[in-house]
Amino acid sequence: MKTGFYPGCSMKGSAREYSESLLAVAGALGRTLPEVPDWNCCGATAAHNLDPDLALALPARILAAAENVGMEEVLVPCAACYSRLKVTRHELLEDEQLRQRISGLVEADYRGSTEVLNILEWLSRVPELEKHVKKPFQRKVACYYGCLLVRPAGIVKFDRPEDPQTMDLLMRKLGAEPIDWAFKTECCGAGFSVSRTDLVAKLSGHILEDAVSRGAEAMIVACPMCHLNLDMRRPNIEKRAGKKISIPVIYITQALGLAMGLPAKKLGLHRHKVAVKISAANAAAKDI
Amino acid sequence: MARIGVFICHCGENISATVDVKKVAAAAARIPGVAHSVEYKYMCSDPGQQLVKNAIREKNLTGVVVAACSPRMHEPTFRRACAEAGLNPFLCEMANIREHCSWVHEKGDATTEKAVDIVRTLVAKVKKNKALQPIQVPVTKVALVIGGGIAGIQSSLDIANAGHRVILVEREPSIGGHMSQLSETFPTLDCSQCILTPRMVEVAQHPNITLYSYAELESLDGFIGNFKARIRKKARSLDETLCTGCGLCMQKCPTRRIPSEFDAGLGLRPAIYVPFPQAVPNKPVIDREHCTYYRTGKCRLCEKICPTQAIRFDQPDEIVEVDVGAIVLATGFDIKHSDFFPEYGYGRYPDVIDGLQFERLASASGPTLGEMRRPSDGKVPETVVFIACAGSRDPAKGIEYCSKICCMYTAKHAMLYRHKVHGGKPYVFYMDVRAGGKMYEEFVRRAMEEEGVQYVRGRVSRVFERNGKLVVKGADTLLGARPIEIEADLVVLATAAVAQPGAEELAQKLHVSYDTHQFFAEAHPKLRPVETNTAGIFLAGACQAPKDIPESVAQASGAAAKVAALFSQAELVRDPLIAVVDRQAPPVYSSCVGCFLCQSACPYQAIEKEEIRGRDGQLIKTVAKVNPGLCQGCGTCVAFCRTKSIDIQGFSHEQVHAEVLALLNRGERDA
Amino acid sequence: MRSDPHVHAAGAALADLVLEKTGVDVARCYQCGKCSAGCPLAAEMDFPPSQIMHLLQLRDLPGFAEMALRSHTIWLCLTCEICYCRCPMELDIPKVMDALRHESLARGMVHPKAKDILAFHRAFLDSVRVTGRLFEMGQVVDYKLRSGHFLQDLLQAPWMFWVGKLHLLPERVRDRRALKRIFAKTRRVGEKRP
Amino acid sequence: MPDFQPKIVAFVCNWCTYAGADLTGTSRMKYSPQVSIIRFPCTGRIDFMLLLKAFASGADGIIVSGCHPNDCHYSSGNFHARRRWIIFRGLLDFLGIDVSRVQFSWVSAAEGAKWAQLVNETSERIRELGPFTGYQRLRGLGVG
């Protein structure tokens with residue numbers, strides 16, 4: 001199975017640590033992740049808000065590029081990019097006329113042989129993941145899926161849309177104790193991070209408060225946008241809530257890296273706004 | 001040689017105004033085989049009918065064509081007249097020259113010509129008609145009622161009181177059905193068990209009723225008036241003739257923590273049990289799945305304690321075979337359980353319950369003895385949210401239809417809650433309130449106006465737990481779809497009413513059709529609502545569609561009346577316009593090749609396999625055979641048959657071919 | 001054909017246009033309100049999702065469908081898909097919102113309060129058009145110019161730069177011409193109409 | 001061919017279309033007299049070879065009509081008829097008979113006006129098509 005890698009724009013910038021930790025973990029697991037050649041931006045929310053054709057054309061170019069070099073599947077760690085690629089794949093394969101028109105637009109033909117994979121699917125396939133765990137992640141964690149990993153259910157066909165479990169199972173394998181909480185799949189405010197920071201502060205605030213009130217010691221995420229809102233927008237969230245909220249927000253790949261005993265620096269943990277004061281070590285050595 | 005009489009009616013002027021009836025009579029007289037042709041002003045009048053009768057006798061007619069109105073109007077009239085004159089009634093046909101000719105065309109030659117065509121067509125047909133005898137089928141005057149809920153109980157009592165024997169089969173250890181689980185009933189709030197249990201006792205004591213509880217229908221053969229049913233009496237593991245129902249065994253049974261089906265999982269029962277104290281029959285069963293003896297081979301405590309030595313651990317299931325003439329299906333409904341609604345947390349949070357569980361909480365005989373205490377911690381709930389349409393009217397996750405009873409029972413639940421918890425806050429999330437029924441709207445208004453139930457118009461998006469409360473996230477569409485969050489102590493889902501599990505299997509056993517939701521299908525949605533498409537099988541209660549108690553009882557009595565009407569006849573007489581399979585003398589025996597395409601096409605399961613055997617008992621061939629009791633005469637099989645071996649009386653190949661030829665044959669018309 | 005000048009600028013009712021573009025038949029909505037109940041931003045909206053659907057259902061009443069196009073709601077929708085996920089009729093409301101946004105842009109009916117959101121989206125796509133990938137620094141500068149919020153997040157930038165999240169130079173696609181051609185062929189609605 | 005009077009035969013079911021045609025009469029609606037009805041218990045009874053027989057015997061057009069879908073008196077006969085009709089079209093094509101000479105329709109017992117309209121439209125169409133001349137050839141094939 002030839003698996004390609006679509007980083008997406010944010011993993012080269014604001015979500016750099018997601019990419020770093022993923023590649024570190026992949027390396028330690030003995031996997032190589034060749035990037036989709038000359039990939040472009042998926043268009044994100046802006047494209048489908050403003051232009052229906054562009055919203056399909058940009059992902060179609062990525063999919064075609066991956067297919068051209070024989071990638072049978074593409075790992076898309078960013079949940080937002082994942083959603084755009086997955087939705088585009090679905091729509092193009094549902095409607096042959098549309099597929100031909102969009103192929104014409106991007107001057108490349110996507111025939112549908114390349115599948116789109118999210119980070120949880122990819123990690124779930126690692127055989128005997130628990131065997132790689134050197135320092136069990138003995139913490140209460142809130143697994144936060146956000147919107148686009150599980151919805152729309154009919155298209156992504158991944159886990160169950162209410163109370164999904166894949167990430168919880170993964171974290172359990174790492175030795176963590178996932179809490180049962182209420183905001184697993186509520187929206188964080190997504191692309192409004194810059195344009196409507198007030199709304200992001202409200203929505204992300206609800207999420208953090210519920211996790212904290214149930215005793216979570218860390219938020220586990222699988223999406224740069226969720227991370228941006230929950231981590232970098234923490235000052236706005238705290239200001240709105242009128243209190244300090246110090247729960248760190250950790251990418252699933254960082255959590256895995258920590259559990260595998262990889263150095264924190266290699267996992268980009270120093271790049272977080274909210275200091276990550278926990279390691280994967282057992283309860284005796286809580287702080288780094 | 002055929003001697004056909006043709007009788008042309010003027011119908012006052014209804015026909016003669018546009019059709020030249022004299023010309024038609026003259027033309028008819030020239031058709032080969034026509035021995036007599038007359039016209040008359042009112043053929044259906046007494047003198048008109050006399051005309052027909054006289055001609056039959058005097059002219060020795062072998063067939064009659066009455067050219068008048070639609071056969072749907074007067075075919076029975078003239079067939080009766082023929083029979084009175086000694087001519088087989090099925091040798092009489094109507095040529096419809098009124099509705100299909102004189103009334104729809106202008107006066108003129110073309111219209112008269114068409115009338116002649118119609119007459120010629122029917123003369124050709126009647127020449128091929130055969131004398132037929134009405135079908136007579138004997139009737140076994142015993143009814144089988146399947147299902148011992150309120151509908152089955154009502155049907156059984158009505159049939160039994162009409163003087164007929166009834167066999168009532170109930171799957172559970174006791175009759176009573178869902179009604180026995182209810183606390184109080186809308187719109188009068190009388191206690192469900194108080195009005196039901198006397199009926200249950202009446203069933204048990206009625207001399208005409210044989211009750212098989214803890215039993216299921218195994219198979220059914222036969223047809224209307226002549227069914228043969230095999231009933232599996234599941235082993236109760238005790239001798240019912242010895243058991244006195246003293247209940248000692250239930251008190252001593254050491255396996256006591258089994259969720260009670262009767263209490264919808266909210267209460268516990270022992271492994272040897274009756275579902276509830278007023279059970280009929282009041283004889284326990286041993287639940288072999290949970291009983292320590294069946295699991296480990298040790299215990300037998302009940303056996304030791306039983307004062308009459310009634311326990312029979314090695315009792316097998318018993319098969320009983322009965323002959324019955326009619327069947328009433330009254331298997332009721334179920335509610336949609338399971339966690340199909342993950343966003344409401346049903347099955348995840350113990351304080352999110354369904355309507356039936358609420359009934360048990362509110363019932364004086366329930367697990368809390370009627371005190372309103374929530375399942376998780378026994379606390380009295382201060383705020384209760386009722387969610388209507390939890391699964392109903394929801395094509396995505398539930399069912400698309402309206403379950404009909406929920407609006408009313410939700411209003412009742414909210415009311416009962418207020419009666420039990422003064423100052424409690426009940427909220428109802430609803431989409432529409434459907435309260436059509438006698439005193440129903442008044443009941444709902446009472447809930448809103450006098451009982452302080454607050455109605456929020458909107459559907460709940462989600463229920464989740466926070467700090468020991470259930471947070472209900474909804475919106476009120478009457479307030480601009482404003483989001484509303486209510487922190488509740490108990491959430492009650494008005495889950496959808498669905499068909500019983502196993503309804504499909506039962507329908508297939510009985511050859512009864514059912515809809516896409518596995519509810520049994522009535523023969524006609526308006527005019528035959530208690531009959532099925534299978535003659536002799538009737539429907540009562542919620543097995544046909546969700547129904548409340550009064551409707552179920554009404555339909556049950558309707559079904560009983562149908563059965564009583566059926567049983568009032570010594571024999572069933574039916575028109576013989578049914579299919580028949582070709583039979584010939586040896587060595588052909590039948591042109592049927594036994595492909596049984598007809599069997600797969602028949603909507604009534606009227607086609608059976610018949611083995612033709614020689615004198616030595618050797619199988620010669622297997623051919624199709626039509627069961628005259630079941631065949632409804634649609635003729636679908638006829639068009640399916642590849643060897644033209646099956647034909648339908650009254651519309652046979654010969655008859656319709658003759659009609660087509662007579663109507664059309666260009667250049668070969670009788671000159 | 002309908003020819004109501006108020007609503008049907010393009011000749012047909014907006015509901016028909018939505019059906020054509022999205023396959024969603026708004027007539028199937030029976031106004032249960034579950035979408036509004038679950039929408040994370042319903043409280044901020046002028047017309048929560050169920051009301052948007054109802055506006056579209058009033059297809060022949062002059063002015064109502066247009067209110068959907070002029071609403072703040074369509075720009076607040078985050079496409080979080082929770083409404084679609086829980087809709088008992090399985091109506092793809094997010095897709096309807098997309099179609100309404102496109103139509104609102106094309107008819108110049110964008111809600112004044114949606115200015116910032118729109119500016120952000122436009123800055124985003126401009127950045128992608130030039131480099132093929134999102135240049136976060138460039139986009140933010142562009143957004144500030146478009147929105148006029150010059151001071152917003154000013155303190156974030158040095159921190160981001162410090163932790164290595166902000167690059168001063170953009171990542172680029174090699175075949176930028178191909179990207180330009182795609183953008184040229186898919187001229188965004190409401191912009192640079194010929 | 002202005003004075004061509006086509007011969008059209010209608011095969012209808014007893015419960016819906018026959019009753020519908022009765023209603024046309026009761027309502028005194030007028031239609032063209034070129035159509036004559038042959039009654040069947042159900043359209044499911046109709047062996048479509050009978051249609052060929054009718055053509056071979058000189059019919060210029062044929063109407064087959066029964067209960068609407070899901071309204072069949074016998075629950076499913078009309079569906080069988082519809083399926084047969086779909087297959088039969090292929091045979092008509094093969095035999096070189098214009099498919100539009102056969103009109104398949106549903107007319108309920110309440111649709112008297114629809115029956116009149118159906119007959120008039122069919123008559124008009126058959127009149128335009130002209131007489132069916134292939135009947136000799138059909139007979140040569142052994143039909144009729």
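Start by selecting chains A and C together: 42 residues of chain A and 45 residues of chain C make up the contact between them, where two residues count as in contact if their C-beta atoms, placed from the backbone, lie within 7 Å. This is a predicted model, in which local features need pLDDT of at least 70 and side-chain atom pairs count only at pLDDT 80 or more, while totals for chains, interfaces and linings use all residues. To find your way around, residues are numbered from 1 along each chain as its sequence is written, and chains are lettered from A and ligands numbered from 1 in the order in which they are written.

**The chain A side**

Helices here are DSSP runs of H or I with at least four residues, strands are runs of E with at least two, and both are numbered from the N terminus. Which element gives the most to this side? Pick α2(A), with 7 residues. By class, the side of chain A that touches chain C holds 21 nonpolar, 10 polar and 11 charged residues. For those classes, Ala, Val, Leu, Ile, Met, Phe, Trp, Tyr, Cys and Pro are nonpolar, Asp, Glu, Lys and Arg are charged, and the others, Gly among them, are polar.

**Inside chain A**

Now hide everything but chain A, and you have 12 helices and 7 strands to look at. Its radius of gyration is 19 Å, close to the 19 Å that the globule rule gives for 288 residues, so chain A is as compact as a globular protein of that length. That radius is taken over C-alpha atoms, and the rule is 2.2 Å times the number of residues to the power 0.38. The C-alpha trace of chain A spans about 60 × 45 × 30 Å along its principal axes. Of the 288 residues in chain A, 61% are buried, meaning that 20 or more other C-beta atoms lie within 10 Å of the residue's own.

Next, zoom in on α3(A) and helix α4 (residues 79-94) of chain A. How do their axes cross? They come within 9 Å and cross at roughly 90°, the axes being lines fitted to C-alpha atoms over the stretch in contact, with angles from 0 to 180 degrees between N-to-C directions. The pair is therefore roughly perpendicular, a label for angles of 65 to 115 degrees. Show side chains at the contact: on α3(A), select A:Leu56, A:Pro59, A:Ala60, A:Ile62 and A:Leu63.

**Over to chains B and D**

Bring up chains B and D, where 37 residues of chain B are in contact with 34 residues of chain D. On the chain B side, highlight α4 (98-102), α5 (109-128), α17 (636-640) and α18 (653-664), the elements that give two or more residues. The most come from α18(B), with 7 residues. This side divides into 16 nonpolar, 13 polar and 8 charged residues.

With chain D still on screen, bring back chain A: no contact joins the two, and their closest C-alpha atoms lie 28 Å apart. Chain D does not touch chain C either, the nearest C-alpha atoms being 23 Å apart.

**Last stop: chain C**

Colour chain C by domain, with domain 1 at 5-110 and domain 2 at 114-192, bounds that come from an automatic or database domain assignment. Their centres, taken over C-alpha atoms, are separated by 28 Å. Where they meet, 7 residues of domain 1 are in contact with 5 residues of domain 2.

Notes:
Angles under 35 degrees count as roughly parallel, over 145 as roughly antiparallel, 65 to 115 as roughly perpendicular and the rest as oblique. A residue is buried if 20 or more other C-beta atoms lie within 10 Å of its own, exposed if 12 or fewer, and partly exposed in between; C-beta atoms are placed from the backbone.
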